[in-house]
Amino acid sequence: MVLQSLDKGLLTITMNRPDRRNALNPEMTQGLVEAARRAQDDTEVRAVLIRGAGGTFCVGGDVKSMAAGRAPLPFEAKMANLRRGMEVSRILHTMPKPVVAQLDGAAAGAGLSIALSCDL
C-alpha cells in the first residue's frame, strides 16, 4: 500500500490505493509511519517526496473501513487511534530534511494534514 523508492538521495513515498483514492486505513497509516521514520533516520535520504497514486493525493481516512463491523470504541481507544493517525504528519513536520508533497487531485481530512506537514 505504501511504495518507497530511493534515487540519488530522494526518497519517493507513494500512497498506493488508487481504487480507494488513497484513503487511509490502518495498514496504509502504518506503512506511512514506517516510510517517514526511514526517511528521518536513513543517512542516504537527503530529501523526501510524498505523493498519491492514480491522480489523487489522499482523501483522508477510509470511512468505509472505519465503519465495517466495529463496535463503538471507548474514548481512550479513539484517542490512541487519532494519535497513531497523526504520527506521520508529526514526523514529516519535524524532519530536518526537505519534504515535498506532490498534490495531484484531492487532499482532504488526514490527507490534507499530511500535505500541510510538508515543507512544500
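Cys 118 is buried, with a relative accessible area of 9%. Buried here means under 20% relative accessible area, exposed means over 50%, and partly exposed lies in between (1.4 Å probe, protein chains only). The model is predicted: local features need pLDDT of at least 70, side-chain atom pairs count only at pLDDT 80 or more, and totals for chains, interfaces and linings use all residues. Residues are numbered from 1 along each chain as its sequence is written, and side-chain values use heavy atoms, leaving out hydrogens and water.

Cys 58 also counts as buried, at 0% relative accessibility. The structure holds zero disulfides, a disulfide being a pair of cysteine sulfur atoms within 2.5 Å. Cys 58 is thus in no disulfide; its nearest cysteine sulfur belongs to Cys 118, 11 Å away. Cys 118 is likewise in no disulfide, and the nearest cysteine sulfur to it is that of Cys 58.

Four strands form an open sheet in the order β1-β2-β3-β4, with mixed pairing. The edge strands are β1 (2-7) and β4, each pairing on one side only. Neighbouring strands are turned by 20° against each other on average, direction ignored. Strands (E, at least two residues) and helices (H or I, at least four) are DSSP runs, numbered from the N terminus. Two strands pair if DSSP finds at least two bridges between them.

β1 and β2 run antiparallel and are joined by six bridges. Val 2 stands opposite Met 15 in β2. The two strands form a hairpin with two residues between them, and Lys 8 in the turn has a positive phi of about 55°. Arg 51 stands opposite Gln 102 in β4.

Asn 16 sits in the loop between β2 and α1. Its relative accessibility is 31%, so Asn 16 counts as partly exposed. The C-alpha atoms of Asn 16 and Ala 53 are separated by 5.2 Å, although the two residues are 37 residues apart along the chain. Leaving aside neighbours within four places in sequence, Asn 16 is in contact (heavy atoms within 4.5 Å) with Met 1, Leu 3, Asn 22, Met 28 and Ala 53.

α1 has 16 residues. From its first C-alpha to its last, α1 reaches 22 Å, close to the 22 Å expected at 1.5 Å a residue; the expected span is 1.5 Å times one less than the number of residues. α1 lies across β1, β2 and β3, at about 175° to β2. Axes are lines fitted to C-alpha atoms, for helices over the stretch in contact, and angles run from 0 to 180 degrees between N-to-C directions. The buried residues of α1 include Met 28, Leu 32, Val 33 and Ala 36. Its buried residues pack against β1, β2, β3, α3 and α4.

The largest nonpolar core has 25 residues; Ile 13, Leu 32, Ile 50, Phe 57, Leu 92 and Ile 114 have the most contacts inside it. β2 (10-15), α1 (26-41), β3 (47-52), α3 (75-94), β4 (99-102) and α4 (110-116) each supply at least two of its residues. α1 gives the most, with six. A nonpolar core is a set of buried Ala, Val, Leu, Ile, Met, Phe, Trp, Tyr and Cys residues joined through side-chain atoms within 4.5 Å. Leaving aside neighbours within four places in sequence, Leu 92 is in contact with Ala 36, Ile 50, Val 99, Ile 114, Ser 117 and Cys 118.
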